[in-house]
Amino acid sequence: MPLDALNDLLEDETGGIFFLPQHATPHEVQAAAKRARFAFFHIEGKNISRKEQLLNHVATALRFPNYFGGNWDALEECLTDMEWVDAPGYVIYYDHIDALLAAHPDQFSTFVEICRDAVGSWKEDGTPMVVLLSGTKAPKGVAKLKASDA
């Protein structure tokens, strides 16, 4: 069950970027994040099929500061900063990834790489960041979350 694996992952505090092989509601993921005392952010992807829409949704969901520039560099800068959030870790849940992944796989790959870099940056600081992706199929290069990942 992915939520058991998520709970184990959050308890382990290692972070990472994973695909959820079974859908979880935002409320379920938020509850797991809350138990771990992590900040939770939900990106609803049903209406995201272009980069600009993704960046706007991410900026809103993560409450980016007004200086967010609305481009990939600014996304990376904000994801590796997060000074406006006081939490021992972060959970970002991007639900319904299918529209962007199908319409612009290159843009989706860029988003994943930026998230992967942010996860790595936070790991160096000892702060776990978990990025969860949910949709009908796992994106290339993103591992499915399973119990053995924690």
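Analyst: Glu 113 forms a salt bridge with Arg 116, with their closest N and O atoms 3.4 Å apart; the term salt bridge is used for a side-chain nitrogen of Lys or Arg within 4 Å of a carboxyl oxygen of Asp or Glu. Side chains of opposite charge can pair when their charged atoms come close. Both Glu 113 and Arg 116 lie in helix α6 (residues 105–124), where they are 3 residues apart, about one turn of the helix; helices here are DSSP runs of H or I with at least four residues, strands are runs of E with at least two, and both are numbered from the N terminus.

This is a predicted model, in which local features need pLDDT of at least 70 and side-chain atom pairs count only at pLDDT 80 or more, while totals for chains, interfaces and linings use all residues. Residues are numbered from 1 along each chain as its sequence is written, and side-chain values use heavy atoms, with hydrogens and water left out.

Glu 113 counts as partly exposed because its relative accessibility is 40%, and Arg 116 is also partly exposed, with a relative accessible area of 30%; buried means under 20% relative accessible area, exposed means over 50%, and partly exposed lies in between, using a 1.4 Å probe and protein chains only. The structure holds 2 salt bridges, and Arg 50 forms one with Glu 52, the closest N and O atoms being 3.3 Å apart. At 40% relative accessibility Arg 50 counts as partly exposed, and Glu 52, at 44%, counts as partly exposed too.

Turning to buried positions, helix α1 (residues 2–12) has Pro 2, Leu 3, Ala 5, Leu 6, Leu 9 and Leu 10 buried. Seen down the axis of α1, these buried residues fall within an arc of 155°, so they line one face of the helix; the arc is that of the directions from the helix axis to the C-beta atoms. Their cover includes β1 (16–19), α2 (26–35), β3 (90–95) and β4, and just after α1, Glu 13 takes a positive phi of about 60°.

Strand β4 (residues 129–134) contains Ser 134, which counts as buried because its relative accessibility is 2%. Leaving aside residues up to four places away in sequence, Ser 134 touches Phe 19, His 23, Tyr 93, Tyr 94, Asp 95, His 96 and Ile 97, where contact means heavy atoms within 4.5 Å.
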